[in-house]
Amino acid sequence: MDRLDREILGILQQDARISYRDLGVRVGLSANATADRVRRMRRDGVILGFTVVVDPAADTRGGLVVFIDLTLRQDVTNEEFEQRVARLPGITEVVHVTGEYDYLVRARAADATALDTLLRRLKRETGVAQSSTRIALRAANTPAR
């Protein structure tokens with residue numbers, strides 16, 4: 001990756017819907033050269049995908065969006081945990097992190113009862129020793145409704 005690739009990534013992180021033409025203008029490349037760079041970064045696994053970020057308060061599916069910090073039991077490997085957690089319903093993102101906890105998980109639960117069930121399953125089925133859960137109220141860049 002060079003300076004242009006990093007610049008393209010920065011712009012795409014701000015606006016993944018920008019056209020190749022507009023992106024190229026911003027970084028000083030043709031639309032075709034820009035598209036080639038984006039395709040290469042996708043092929044090489046630098047860009048894993050494109051997504052939509054939705055304000056939890058505006059999400060029409062309802063329910064809770066939660067962030068769960070997890071510490072694994074000592075007898076569970078990261079690989080085992082990652083395979084097991086991928087099978088649980090409601091898990092939308094799993095990130096291996098530094099600090100006090102081993103993982104940060106983003107999940108969706110219909111209500112407090114469903115969240116309780118998810119937390120119990122995490123401990124029972126994936127090897128979680130300890131968890132700390134936070135409920136999203138709204139996205140910080142979204143005005144209160």
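Student: Leaving aside its neighbours within four places in sequence, which residues is Ile18 in contact with?

Tutor: Ile18 is in contact with Ile11, Leu12, Leu23 and Arg26 (contact: heavy atoms within 4.5 Å). This is a predicted model: local features need pLDDT of at least 70, side-chain atom pairs count only at pLDDT 80 or more, and totals for chains, interfaces and linings use all residues. Residues are numbered from 1 along each chain as its sequence is written, and side-chain values use heavy atoms, leaving out hydrogens and water.

Student: What makes Thr34 buried?

Tutor: Its relative accessibility is 0%, so Thr34 counts as buried. Thr34 sits in helix α3 (residues 31–43). Beyond its neighbours within four places in sequence, Thr34 touches Ile8, Tyr20, Leu23, Gly24, Val27 and Leu29.

Student: Why are α1 and α2 called oblique?

Tutor: They pack at about 130°, with axes 10 Å apart. The axes are lines fitted to C-alpha atoms, for helices over the stretch in contact, and angles run from 0 to 180 degrees between N-to-C directions. Under 35 degrees is roughly parallel, over 145 roughly antiparallel, 65 to 115 roughly perpendicular, and the rest oblique. Therefore α1 and α2 are oblique. On the α1 side, Leu4, Glu7, Ile8, Ile11 and Leu12 make the contact, and on the α2 side Leu23, Arg26 and Val27. By class, the contact of α1 with α2 has six nonpolar, no polar and two charged residues (nonpolar: Ala, Val, Leu, Ile, Met, Phe, Trp, Tyr, Cys and Pro; charged: Asp, Glu, Lys and Arg; polar: the others, Gly among them).

Student: What makes α4 parallel, antiparallel, perpendicular or oblique to α5?

Tutor: The axes of α4 (residues 78–85) and α5 (residues 112–126) come within 10 Å and cross at roughly 135°. That makes the pair oblique. Phe81, Arg84 and Val85 in α4 meet Leu122, Glu125 and Thr126 in α5. These residues divide into three nonpolar, one polar and two charged.

Student: How do you know which strands are the edges of the open sheet?

Tutor: The order is β2-β3-β1-β4, with antiparallel pairing. β2 (91–96) and β4 (128–135) each pair on one side only, and they are the edge strands. Neighbouring strands are turned by 20° against each other on average, direction ignored. Helix α4 lies across β1, β2, β3 (103–109) and β4, at about 170° to β2.

Student: How do you know that β1 and β4 pair?

Tutor: Pairing needs at least two bridges found by DSSP. β1 (residues 64–72) and β4 have seven, in the antiparallel sense. Thr71 stands opposite Gln130 in β4.

Student: And what makes β2 and β3 a pair?

Tutor: Five bridges join them, again in the antiparallel sense. Val94 stands opposite Val105 in β3. Their hairpin has six residues between the strands, and Gly99 takes a positive phi near 105°.

Note on methods:
Helix = DSSP H or I, 4+ residues; strand = E, 2+ residues; numbered from the N terminus. Buried < 20%, exposed > 50% of the residue type's maximum accessible area, 1.4 Å probe, protein only.
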